Amino acid sequence: ELLELLGQERVRQILAATSREALSAKELGEACDVALSTIYRRVDEMVAQDLLVERTAIEADGSHHSVYEAHVDHLDIDIDDGSIDVSIHVREDAAERFSRIWNEIRET
C-alpha cells in the first residue's frame, strides 16, 4: 500500500512541499496545481500511512484551519528472501524526542 501511494506523483509533490513548511490544503492545491478535492483525498491517505501529520493553525483573529507537514524523515526498503519490507522513520520534534528518551530511561 505504501509503495503504491508513493508511486503517485501528487503524493510525492505533497510530501516535498510539506517537507519545507506546514501548508493548508488550499496552499497545497496551489503549489501542486490540482483541485482541492484531490488534495483532501491524498492528504487523508498520507495521514493514515504516517507520511503527513495534521496540525491546527490558529490565526490572530481566533479562526483556525488544518495544516499538514511531512512526518517522515526517511524510508527504508528492504528486499530479502522473496519479500519487500518498507519502514517509515518519522520526524520527532523536541517534545516527542524528550518523551521517547524519558520513557526509555524509565523502562531500564
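Asp 81 lies in the loop between strand 3 (72-80) and strand 4 (83-90). Its phi is near 50°, a positive value in a residue other than glycine. At 76% relative accessibility, Asp 81 counts as exposed. Exposed means over 50% relative accessible area, buried means under 20%, and partly exposed is in between (1.4 Å probe, protein chains only).

The model is predicted: local features need pLDDT of at least 70, side-chain atom pairs count only at pLDDT 80 or more, and totals for chains, interfaces and linings use all residues. Residues are numbered from 1 along each chain as its sequence is written, and side-chain values use heavy atoms, with hydrogens and water left out.

Asp 50 also has a positive phi, near 65°, and is likewise a residue other than glycine. Asp 50 is found in the loop between helix 4 and strand 1 (52-58). The table sets out the two residues.

| Residue | Phi | Relative accessible area |
|---|---|---|
| Asp 50 | near 65° | 39%, partly exposed |
| Asp 81 | near 50° | 76%, exposed |

**Overall fold**

The protein chain has five helices and four strands. Helices (H or I, at least four residues) and strands (E, at least two) are DSSP runs, numbered from the N terminus. Along the sequence the order is α-α-α-α-β-β-β-β-α.

The radius of gyration of the protein chain is 16 Å, whereas a compact globule of 108 residues would have one near 13 Å. That radius is taken over C-alpha atoms, and the globule rule is 2.2 Å times the number of residues to the power 0.38. Along the principal axes, the C-alpha atoms fill a box of roughly 45 × 40 × 20 Å. Of the 108 residues, 27% count as buried. Contact means heavy atoms within 4.5 Å. Among contacts between residues at least 6 apart in sequence, 42% join residues at least 24 apart.

**Helix packing**

Helix 3 (residues 25-32) and helix 4 (residues 36-48) have axes that come within 9 Å and cross at roughly 110°. Axes are lines fitted to C-alpha atoms, for helices over the stretch in contact, and angles run from 0 to 180 degrees between N-to-C directions. The two helices are therefore roughly perpendicular to each other. That class covers 65 to 115 degrees; under 35 counts as roughly parallel, over 145 as roughly antiparallel and the rest as oblique.

On the helix 3 side, the contact uses Ala 25, Lys 26, Leu 28, Gly 29 and Cys 32; helix 4 supplies Leu 36, Ile 39, Tyr 40 and Val 43. By class these are seven nonpolar, one polar and one charged. Here Ala, Val, Leu, Ile, Met, Phe, Trp, Tyr, Cys and Pro count as nonpolar, Asp, Glu, Lys and Arg as charged, and the others, Gly among them, as polar.

Helix 4 also meets helix 2 (residues 9-18), with axes that come within 10 Å and cross at roughly 75°. Helix 2 and helix 4 are therefore roughly perpendicular too. Arg 10, Val 11, Ile 14 and Leu 15 of helix 2 touch Ile 39, Arg 42 and Met 46 of helix 4. This contact has five nonpolar, no polar and two charged residues.

**A buried loop residue**

Leu 23 sits in the loop between helix 2 and helix 3. Leu 23 is buried, with a relative accessible area of 9%. Leaving aside neighbours within four places in sequence, Leu 23 is in contact with Ala 17, Leu 28, Val 67 and Tyr 68. The C-alpha atoms of Leu 23 and Tyr 40 are separated by 12 Å, at 17 residues apart along the chain.
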